[in-house]
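Student: Could we go through the pockets of this protein and the ligand that it holds, with the terms spelled out as they come up?

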Amino acid sequence: MSQFDLTGKIAFITGASYGIGYAIAQAFAEAGATIVFNDIKRELVNKGLASYKADGITAHGYICDVTDEDNVNATVAQITKEVGVIDILVNNAGIIKRIPSLEMSAKDFRQVIDVDLNGPFIVSKAVAPGMIAKGGGKIINICSMMSELGRETVAAYASAKGGLKMLTRNLACEWAEHNIQVNGVGPGYIATPQTAPLRVTGNPFNDFIISKTPAARWGTTDDLKGPAVFLASKASDFVNGHILYVDGGILAYIGKQPN
Ligand code: NAP
Ligand code: GCO
């Protein structure tokens, strides 16, 4: 049997109606897993369900806000009843607000922390008891370049994603005795709707990112599929508390030297 086989596993990917979460779900389905996802709005869940169906994937979609603990607990209980115990959790749902710190309200800052950091804590805590009772599981937190780096306008996002890196390490330490591996994927700059404003023609940010990336291109959601399957499968059973950066080399690079 392949080290990367996910047959018989139930994978719950948050915020996976489109984008990175959707691509990870496609890869898990290809590896044999049953797909469960949530999104915050009915329209997004319906959009996701239609896309999965068009791809020939049977997916179970739920409306759930990852910041609402009661809502999350009820949804995880419903998934357990209707689909089964969750073996793999991907904390993918996230938001970004690009606002300079001097102009950012505390309310906006808190909202980013709530979705990007408190959300993964709430969902992980809801899912872990089922994994413990079943004898193990895999949790993958979608981190970011901003788990390591800063940049103008993304203080809240960087604080949340830096916190998510440490939540990953801490939960890995706490739950290893239950055979739960908690790891992160740190995508570089990936072409998704979230980064669409940065990629519009004429935005110098586009050239900036390409010049900062040794691979000299934006990442694609497909680039994240293999790393996510690795962290969800038995191939990574002794990998714990690790953030796997999938960034075309950005974190290894000081930047292009002058001619
Ligand atoms: P995204 O726009 O961040 O999509 C995430 C999904 O989560 C959306 O469907 C979003 O709904 C949903 N969501 C937002 N708040 C939620 C909540 N409270 N409860 C449940 N769902 C919620 O798209 P993405 O670019 O694919 O990003 C996925 C993850 O990767 C995020 O955590 C992001 O920070 C991270 N990431 C992205 C990049 C990149 O370059 N794209 C790089 C590194 C990391 P709405 O559409 O209504 O917001
Ligand atoms: C930004 C970007 C980033 C990326 C990603 C990098 O404004 O700098 O949106 O935050 O989306 O998270 O890994």
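Student: Which residues lie nearest the centre of the largest pocket?

Tutor: This is a predicted model, in which local features need pLDDT of at least 70 and side-chain atom pairs count only at pLDDT 80 or more, while totals for chains, interfaces and linings use all residues. Residues are numbered from 1 along each chain as its sequence is written, chains are lettered from A and ligands numbered from 1 in the order in which they are written, and side-chain values use heavy atoms, with hydrogens and water left out. A pocket is an open set of points on a 1 Å grid over the protein atoms alone, where a 1.4 Å probe fits, with protein on both sides within 12 Å along at least five of seven lines, and lining residues have an atom within 4 Å of a point. The lining here has 38 residues, and those nearest the centre are Asn92, Ala93, Gly94, Ile95 and Gln194.

Student: What takes up the space of the largest pocket?

Tutor: A molecule sits in a pocket if more than half of its atoms lie within 2 Å of the grid points of that pocket. The molecule that takes the space of the largest pocket is ligand 2.

Student: How far is the side chain of Gln194 from an oxygen atom of ligand 2?

Tutor: A polar contact is a pair of N or O atoms within 3.5 Å. Arg151 places a polar side-chain atom 2.6 Å from a ligand 2 oxygen, and a backbone polar atom of Met145 is 2.8 Å from an oxygen of ligand 2. For an N or O atom in the side chain of Gln194, the distance to an oxygen atom of ligand 2 is 2.6 Å.

Note on methods. Polar contact = N/O pair within 3.5 Å; in protein donor to acceptor, adjacent residues only side chain to side chain.
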